[in-house]
Amino acid sequence: VDLCIRGDTADYVPQSHKSQHRGKSRTIVLGPRALEIVKRRMPMNVEARIFPTYNPNSYREAVSRAAEKAGVPHWHPHMCRHAGCTKVAAEFGIDTASHVVGHSGVNTTARYDHSRTEDARRAMREVG
């Protein structure tokens, strides 16, 4: 089973992911808004896949082309991941952000955590 609904959230366990060859497991927790979108897409056949396999490069290229066509400065899908991770780190802490994005440890996630810079900025305002 790829998806286990738990009230207003769900756990998505992909059948494959980039760290499985290292013996790592991956659980992606979907919040209420994401779960509502997924529910609308759920197939009647319980064996069907909700999240189709896609080529990450073609997805990135399509988004980049659309951004360019819309006159948006250089943009790529990873920027959404970075912004989301930064927000989660600021609101819930680096450990939670690390789990949300699937990092093995907080060292990788630390580059997304801008809250320490903001804490330093507040401190320097006070200190002078």
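This section describes a three-stranded sheet and the helices α1, α3 and α4 in a predicted model.

The sheet is open, with three strands in the order β1-β2-β3 and antiparallel pairing. Strands β1 (3-6) and β3 (28-30) stand at the edges. Each has a single partner strand, so one side of each lacks a neighbour in the sheet. From one strand to the next, the twist averages 25°. Strand β2 spans residues 9-12 and is joined to β3 by three bridges. D11 has V29 of β3 as its bridge partner. Helix α1, residues 32-41, lies across β1, β2 and β3. Its direction is about 85° to β3.

Helix α3 comprises 15 residues, 78-92. From first C-alpha to last, α3 reaches 21 Å, close to the 21 Å expected at 1.5 Å a residue. Its buried residues are C85, T86, V88 and A89. Seen down the axis of α3, these fall within an arc of 165°, so they line one face of the helix. The face turned away from this buried side carries the exposed residues K87, A90 and E91. G93 follows α3 and has a positive phi, near 100°.

S98 is located in helix α4. The residue is buried, as its relative accessible area is 4%, below the 20% cut-off. Leaving aside residues up to four places away in sequence, S98 touches H103, G105, V106 and T109.

Technical notes: Residues are numbered from 1 along each chain as its sequence is written. This is a predicted model: local features need pLDDT of at least 70, side-chain atom pairs count only at pLDDT 80 or more; totals for chains, interfaces and linings use all residues. Side-chain values use heavy atoms; hydrogens and water are left out. Helices (H or I, at least four residues) and strands (E, at least two) are DSSP runs, numbered from the N terminus. The expected span of a helix is 1.5 Å times one less than its number of residues. Buried means under 20% relative accessible area, exposed over 50%, partly exposed in between (1.4 Å probe, protein chains only). The arc is that of the directions from the helix axis to the C-beta atoms. Contact means heavy atoms within 4.5 Å. Two strands pair if DSSP finds at least two bridges between them. Axes are lines fitted to C-alpha atoms, for helices over the stretch in contact, and angles run from 0 to 180 degrees between N-to-C directions.
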